[in-house]
Amino acid sequence: MGRRYDPDRRQRIIDAAAAVVRERGIAGLGHRAVAAAADVPLGSTTYHFATLDDLLIAALRQINGEWLAEVESWVEGVDPAAPPADELARWLEDQLTGERARMELEYELYFAALRDEGLRPLAAECLDEMARMLTRLVPEAATARAVVALIDGLTLQVLLADRPYDREGTRAALERLMRGDGDDGEPGTARRNRMTSPPGSPAETGSPPGPASG
């Protein structure tokens, strides 16, 4: 009897691997567990993925893709007239006060990447994509990256220290960051104009421009 034609087997194995990682975490992934979840022979998993790292990367890439698709859908649905800091603080609250398994898995990937160099490009891709999507809410790419870093820090505090989520504090921090306020409270745009303008100019002195001479 010939081997059954099964063109979708590789994808089913990836789906099963992603399911195992969601249920057991990265440490719980194994060829046998995935073969059982996919209902395929053990040899099929090793045929399509020679090493466990190959299987893990495929599973995490799929999980990240699903996560980023959800984030992008949310970004596209944000009201352009709404303050971005308010919208981001509300979204983060939804992520952290409901089912947190997805968020925990995303950060498990980051920690695993600290020890496994093969996972670092995947973690970096996720961060880069988050920053890229947030440029729809935050005009400057550098500020979008800073917002991602702030979100990461706040999320880790909630997940690791079991601290309650402070929506108003998060909103205020995001607003300051997006506005570019420094310690003196000067808006970032005004500060950059002052620093890059020639001495004595209105932007440098902070004085309004006078009437044009005739």
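The model is predicted, so local features need pLDDT of at least 70, side-chain atom pairs count only at pLDDT 80 or more, and totals for chains, interfaces and linings use all residues. Residues are numbered from 1 along each chain as its sequence is written, and side-chain values use heavy atoms, with hydrogens and water left out.

**Exercise 1. The chain as a whole**

Task: State how many helices and strands the chain has, and what share of its residues is buried.

Solution: 
- Step 1. Helices (H or I, at least four residues) and strands (E, at least two) are DSSP runs, numbered from the N terminus.
- Step 2. The chain has eleven helices and zero strands.
- Step 3. Buried means under 20% relative accessible area, exposed over 50%, and partly exposed in between, with a 1.4 Å probe and protein chains only.
- Step 4. Of the 214 residues, 38% are buried.

**Exercise 2. α6 against α7**

Task: Describe how helix α6 and helix α7 pack.

Solution: 
- Step 1. Take the angle and distance. Axes are lines fitted to C-alpha atoms, for helices over the stretch in contact, and angles run from 0 to 180 degrees between N-to-C directions. Helix α6 (residues 101-115) and helix α7 (residues 120-134) pack at about 135°, with axes 8 Å apart.
- Step 2. Classify the angle. This makes α6 oblique to α7. The classes are roughly parallel (under 35 degrees), roughly antiparallel (over 145), roughly perpendicular (65 to 115) and oblique (the rest).
- Step 3. List the contact (heavy atoms within 4.5 Å). From α6 come Glu-106, Leu-109, Tyr-110, Ala-113 and Leu-114; from α7 come Arg-120, Leu-122, Ala-123, Cys-126 and Leu-127.
- Step 4. Sort by type. Ala, Val, Leu, Ile, Met, Phe, Trp, Tyr, Cys and Pro count as nonpolar, Asp, Glu, Lys and Arg as charged, and the others, Gly among them, as polar. The α6 and α7 contact has eight nonpolar, no polar and two charged residues.

**Exercise 3. α6 against α8**

Task: Repeat the analysis for α6 and helix α8.

Solution: 
- Step 1. α6 and helix α8 (residues 141-161) pack at about 110°, with axes 11 Å apart.
- Step 2. The two helices are therefore roughly perpendicular.
- Step 3. Met-103, Glu-104, Tyr-107, Tyr-110 and Phe-111 of α6 meet Ile-151, Asp-152, Thr-155, Leu-156, Leu-159 and Leu-160 of α8.
- Step 4. The contact holds eight nonpolar, one polar and two charged residues.

**Exercise 4. Asn-64**

Task: Decide whether Asn-64 is buried or exposed, and find what Asn-64 touches.

Solution: 
- Step 1. Asn-64 sits in helix α4.
- Step 2. Its relative accessible area is 5%, so Asn-64 is buried.
- Step 3. Leaving out residues up to four places away in sequence, Asn-64 touches Glu-106, Leu-109, Leu-122 and Cys-126.
- Step 4. Compare with Exercise 2. Glu-106 and Leu-109 of α6, and Leu-122 and Cys-126 of α7, are among the residues of the α6 and α7 contact.

**Exercise 5. Positive phi**

Task: Locate Asp-39 and Asp-162, and give the phi of Asp-39 and of Asp-162.

Solution: 
- Step 1. Recall the background. Most residues other than glycine have a negative phi.
- Step 2. Asp-39 lies in the loop between α2 and α3. Its phi is positive, about 60°. At 68% relative accessibility, Asp-39 is exposed.
- Step 3. Asp-162 lies in the loop between α8 and α9. Its phi is positive, near 55°. At 61% relative accessible area, Asp-162 is exposed.
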